[in-house]
Amino acid sequence: MPNPHVQHQVQFIDVPLHLLEGTKQEIVDYLMASHVAYRDVKIPKIEQQFLGLMKLYPNAPALGAVFNLFQKFQLEMQWHMKHEEQVLYPQAISGIKEENTHVISHEDQEPFLTEIIQLLESGRYVKNPFGRMLIDGLKRFDEDLRLHAWIEENLLML
Ligand SMILES: [Fe+2]
Ligand SMILES: [Fe+2]
């Protein structure tokens, strides 16, 4: 059982090794490619899985509420990624930090996804294969985002 209080723990081995010695530009390229994958592949896929599950359980209002929570989370994330791409990454590459730059906190974001997963796991969908697929997908996404944040904080010093 993973301890929910232990956050930001990333297995060192999970970090792509070439990034440890990469230039800022290479690290930013890697992070940007991850953003594209989140936006174009992972988030739409999770949305589709939610919609599919809602069709299977049309009388489960709680599921709609959890989906709304996910929508809120992903909108917040879209803003977060845009801010990184337009402001923080260019600053990390140039090494010039402007004053009054809004600094982002990954800690504020993380509990969101954890809560979504916990809510789904406490429902009856957990026994449904599609529900299981959604939960597993969200868990992988959560781990992916933690690794992503770890790279941003420790290799890019955001
Ligand atoms: Fe990012
Ligand atoms: Fe980030």
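Trainee: In which helix is the place of V66?

Mentor: This is a predicted model, where local features need pLDDT of at least 70, side-chain atom pairs count only at pLDDT 80 or more, and totals for chains, interfaces and linings use all residues. Residues are numbered from 1 along each chain as its sequence is written, while chains are lettered from A and ligands numbered from 1 in the order written. Helices are DSSP runs (H or I, at least four residues), numbered from the N terminus. V66 sits in α3.

Trainee: Which is V66, buried or exposed?

Mentor: Buried takes 20 or more other C-beta atoms within 10 Å, exposed 12 or fewer, and partly exposed lies in between; C-beta atoms are placed from the backbone. V66 has 23 C-beta neighbours inside 10 Å, so V66 counts as buried.

Trainee: Leaving aside neighbours within four places in sequence, which residues is V66 in contact with?

Mentor: Contact needs C-beta atoms, placed from the backbone, within 7 Å. With those sequence neighbours left aside, V66 contacts I116, L119 and L120.

Trainee: Is α2 roughly parallel or roughly antiparallel to α3?

Mentor: The two pack at about 170 degrees, with axes 11 Å apart. Axes are lines fitted to C-alpha atoms over the stretch in contact, and angles run from 0 to 180 degrees between N-to-C directions. Under 35 degrees is roughly parallel, over 145 roughly antiparallel, 65 to 115 roughly perpendicular, the rest oblique. That makes α2 and α3 roughly antiparallel.

Technical notes:
Two residues are in contact if their C-beta atoms, placed from the backbone, lie within 7 Å.
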